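User: I've got a model open and I'd like to talk through a few spots in it. Can you take my questions one by one?

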Amino acid sequence: MKTQHSIHILYDGNCPICCRKTEFLKRHDQQGKLLFSDIRAENFHTLKTGIPQHDLQKQIHAILRDGSIVSRMEVIRAAYREIGLGWIIAPTDWPLFRPLFDRLYDFVAKHRLSISRFF
């Protein structure tokens with residue numbers, strides 16, 4: 001599934017953390033490089049993405065322009081780089097910190113609905 005956008009982000013519209021992050025990225029995407037789809041929307045069709053709904057509900061995914069699929073923290077890194085804010089997220093990709101941030105993402109993704117109550 002290719003798009004005219006550089007990155008097609010598939011997010012959980014029932015997750016307050018996901019929605020806040022999506023709104024932040026939309027505000028800073030001056031050139032319209034990102035496309036967002038709520039996996040919970042009625043008009044969202046899992047089969048078109050090739051990613052099972054169960055997987056989509058567990059963590060964020062994105063389809064890059066070349067059709068490749070990335071997930072988890074790599075989606076966040078790619079989105080920030082694409083809109084010119086890569087410097088903010090750069091430390092999450094440094095070899096020493098990458099495993100820590102990847103595990104932190106997994107923890108937050110797994111508990112995102114519970115964590116959302118504190119924000």
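Predicted model: local features only at pLDDT ≥ 70, side-chain atom pairs only at ≥ 80, totals over all residues.

User: Is Ser-6 buried or exposed?

Analyst: Ser-6 sits in the segment before strand 1 (7-11). Its relative accessibility is 15%, and the cut-off for buried is under 20%. So Ser-6 counts as buried.

User: Which side chain does the side chain of Ser-6 make a polar contact with?

Analyst: Leaving out residues up to four places away in sequence, Ser-6 touches Lys-33, Ile-63, Leu-64, Arg-65 and Glu-82. Among these, one has a side chain in polar contact with the side chain of Ser-6, at 2.9 Å. That residue is Glu-82.

User: What is the bridge partner of Tyr-11 in strand 2?

Analyst: Strand 1 pairs with strand 2 (residues 34-38) in the parallel sense, over five bridges. Together with helix 1 (residues 16-28), these two strands make a right-handed β-α-β unit. As for Tyr-11, its bridge partner in strand 2 is Asp-38.

User: Which element gives the largest share of the lining of the largest pocket?

Analyst: The largest pocket holds about 550 Å³ of space. It is lined by 24 residues, and the closest to its centre are Ile-17, Lys-21, Ile-76, Tyr-105 and Val-108. Two or more lining residues come from each of strand 1, helix 1, helix 3 (53-58), helix 4 (73-82) and helix 6 (98-110). The largest share is six residues, and the element that gives it is helix 1.

Definitions and conventions
Residues numbered from 1 in each chain as written. Heavy atoms only, no water. Helix = DSSP H or I, 4+ residues; strand = E, 2+ residues; numbered from the N terminus. Buried < 20%, exposed > 50% of the residue type's maximum accessible area, 1.4 Å probe, protein only. Polar contact = N/O pair within 3.5 Å; in protein donor to acceptor, adjacent residues only side chain to side chain. Contact = heavy atoms within 4.5 Å. Pairing = 2+ DSSP bridges. Right-handed = clockwise from strand over helix to strand, strands pointing away. 1 Å grid on protein atoms, 1.4 Å probe; cavity = no way out; pocket = protein on both sides within 12 Å on 5 of 7 lines; lining within 4 Å. Points joined across faces, edges and corners; volume = space filled by probe spheres on them.
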